Amino acid sequence: MTPRTIVITGASDGIGAAAARTLARAGEQVVVVGRSEEKTRVIAKELDADYFVSDFSELAQVHALAAQLKSDYPRIDVLANNAGGIMGRHTVTADGNESTIQINHLAPFLLTTLLMDTLVSSSAKVINTSSGANSFGKLDLWNLNSEHGYSTNRAYGTGKLANILFTSELHRRFGGKGITTAAFHPGVVRTNFAAESTSPFRHAYKTLLNRLMLTPDQGADTLLWLVNGTAGKDWISGAYYYKRALAKANAQAYDAELARGLWEKSEELVRASA
């Protein structure tokens, strides 16, 4: 069989790197995307894979990444939007957006929509890494940049909730054109996640508690299941998963009007970066 072209963001570490290794070993053409030049290059060299460096805190870099991908890969079979994380204090990017919502939602939204022609022509899968933290998110379209009542953990939860809403709306808009999509929670994985944040969660990753966490390979399991499975047979397009099963999300995740509104608001917020 012809190898699939699989683009994975956030692939320089953690579950992204673990998934990239497994897929490369299976003979797929993996394209590694990461923020760190050094770490991304090391993973790519290990896998003999192409790689790109892109910092999602700058939407201009997302535009550049999309242009490079469209130029180099006329076909993209899978786009795994895996980059993200918990940030620290309330900070605003050069694009005018709160950092957490931009890195976790707006940047992958922009990357996906910029690649849409290629994704549609490829009948691609778009897999979005969310989190169980979506349960404590609260999405307010009029306060998407957390200008009022900011909290590090709530902002992260809201970003992960946005991933699920984006997934359902992506399915509604493009499912009839061949796109299949899913969001998933990888579990609590033993990585450098939250290391640079001010969230209380960061302490767990530096103590003996991390021994209770999943390995990156374990965390990548549902991602790989979605990548290798078939929508409509193994999983339902537009849905949210955990441990290879449908999972219950924040009540807001099932609000179709909110999903539409988030898409429209996201278009508005990324438009200025064009």
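Predicted model: local features only at pLDDT ≥ 70, side-chain atom pairs only at ≥ 80, totals over all residues.
**Exercise 1.** Work out the strand order of the open sheet and name its edge strands.

Solution. Start with the order. The open sheet has eight strands, arranged E3-E2-E1-E4-E5-E6-E7-E8. Its pairing is mixed. Next, look for strands that pair on one side only. These are strand E3 (50–53) and strand E8 (245–246), the edge strands.

**Exercise 2.** Describe how E4 and E5 pair, and find the bridge partner of asparagine 81.

Solution. Take the direction first. Strand E4 (residues 78–81) pairs with E5 in the parallel sense, over four bridges. Then follow asparagine 81 across to E5. Its bridge partner there is asparagine 128.

**Exercise 3.** Identify the residues that touch the most other members of the largest nonpolar core.

Solution. This core has 49 residues. Leu69, Leu111 and Leu139 touch the most other members. Now check the suppliers. Among the elements giving at least two residues each are strand E2 (29–34) and helix H10 (256–271). A second, separate core has 29 residues, including Trp235.

**Exercise 4.** Decide whether serine 146 is buried or exposed.

Solution. Locate serine 146 in the loop between strand E5 (125–129) and H6. Its relative accessible area is 13%. Buried means under 20%, so serine 146 is buried. Leaving aside neighbours within four places in sequence, serine 146 contacts His90, Glu98 and Ala155.

Terms used:
Residues numbered from 1 in each chain as written. Heavy atoms only, no water. Core = buried A, V, L, I, M, F, W, Y, C linked by side-chain atoms within 4.5 Å. Buried < 20%, exposed > 50% of the residue type's maximum accessible area, 1.4 Å probe, protein only. Contact = heavy atoms within 4.5 Å. Pairing = 2+ DSSP bridges.
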